[in-house]
Amino acid sequence: MLEESGGGFDVIVDDGGHSMRQQQTSLWHLWRALRPGGTYVVEDLQTSVITRYLDAPTTTADRLAEVLRYEMVEQVHLWFPNLQQAVVGPGIVCLIKQPTTQNDGEWGEPSVQNFWT
C-alpha cells in the first residue's frame, strides 16, 4: 500500500490489530508515511491490559506513555521525529506531526525490534 500510494497521508486512523506487535508495527511503518502537519490516531489501546494481546516485551500504551514523558523533556524525537502534539483520551492517542518539510530524521532500518526495545 505504501509503495503504491507514496505515503504523504493527511490523517491515519489505526483501527487495525489488537496485539501489541500489530499496533507497534503499524505505528512504526505508518508514522513515516504521514505528511508534515498530519494526524495519526491509535485506538484500542485498552488491549494493553488484556493478557491475550500481550505478545511484545512492552505494551503499546506503555510505549506511548514513555513517548509522552519524553515529550515533556523535549526528547520525543527519539521515537517520533517531528511530533508536535499528543492528545490522549480513554483507549486512544492522537499524534500530530509538525507542519514542516524537514527530513523526518534518521530512522535506520525499519525494524519494530529496534524501534520499540
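Gly17 touches Gln22 and Gln23, leaving out residues up to four places away in sequence; contact here means heavy atoms within 4.5 Å. Gly17 is found in the loop between strand 1 and helix 2, where helices (H or I, at least four residues) and strands (E, at least two) are DSSP runs numbered from the N terminus. With a relative accessibility of 23%, Gly17 counts as partly exposed; buried means under 20% relative accessible area, exposed over 50%, and partly exposed in between, with a 1.4 Å probe and protein chains only.

The model is predicted: local features need pLDDT of at least 70 and side-chain atom pairs count only at pLDDT 80 or more, while totals for chains, interfaces and linings use all residues. Residues are numbered from 1 along each chain as its sequence is written, and side-chain values use heavy atoms, with hydrogens and water left out.

**Overall architecture**

The protein chain contains four helices and four strands, which follow one another along the sequence as α-β-α-β-α-β-β-α. Of its 117 residues, 42% count as buried. Among contacts in the protein chain with a separation of 6 or more, 63% come from residues 24 or more positions apart. The protein chain exposes about 6700 Å², of which carbon and sulfur atoms supply 50%; accessible areas come from the Shrake-Rupley method with a 1.4 Å probe, and for residues only the protein chains shown count as cover.

The largest nonpolar core has 15 residues, and those with the most contacts inside it are Leu27, Trp31, Tyr40, Leu64 and Leu95. Such a core is a set of buried Ala, Val, Leu, Ile, Met, Phe, Trp, Tyr and Cys residues joined through side-chain atoms within 4.5 Å. At least two residues of this core are supplied by each of helix 2, strand 2, helix 3, strand 3 (83-89) and strand 4 (92-97).

Gln22 is found in helix 2 (residues 20-31). Its relative accessible area is 42%, so Gln22 is partly exposed. The side chain of Gln22 reaches the backbone nitrogen of His18 at 3.0 Å. That is a polar contact, a pair of N or O atoms within 3.5 Å; within protein, one atom must be able to donate a hydrogen and the other to accept it, and residues adjacent in sequence count only if both atoms are side-chain atoms.

| Pair | Separation in sequence | C-alpha distance |
|---|---|---|
| Arg32 and Gly8 | 24 residues | 8.6 Å |
| Gln84 and Gly38 | 46 residues | 9.8 Å |

Arg32 lies in the loop between helix 2 and strand 2 and is partly exposed, with a relative accessible area of 30%. Gln84 belongs to strand 3; this residue is also partly exposed, at 42% relative accessible area.

**Charged residues**

Side chains of opposite charge can pair when their charged atoms come close. The count comes to one salt bridge, defined as a side-chain nitrogen of Lys or Arg within 4 Å of a carboxyl oxygen of Asp or Glu. It is formed by Asp10 and Arg35, whose closest N and O atoms are 2.2 Å apart. The pair links distant parts of the chain, 25 residues apart: Asp10 is in strand 1 (residues 9-14) and Arg35 in strand 2 (residues 34-43). Asp10 counts as partly exposed because its relative accessibility is 45%, and Arg35 counts as partly exposed at 31%.

Asp14 is placed in strand 1. Asp14 is buried yet has no salt bridge, and Arg32, the nearest side chain of opposite charge, is 13 Å away. The side chain of Asp14 reaches the backbone nitrogen of Gly16 at 3.1 Å and makes a polar contact with the side chain of Tyr40 at 3.4 Å. Leaving aside neighbours within four places in sequence, Asp14 is in contact with Gln23, Ser26, Tyr40, Val41, Val42 and Glu43.

**Backbone at Asp44**

Asp44 is placed in the loop between strand 2 and helix 3 (60-72). Its phi is near 65°, a positive value in a residue other than glycine. At 13% relative accessibility, Asp44 counts as buried.

Definitions and conventions. Lys and Arg count as positive and Asp and Glu as negative; His and the chain ends are not counted.
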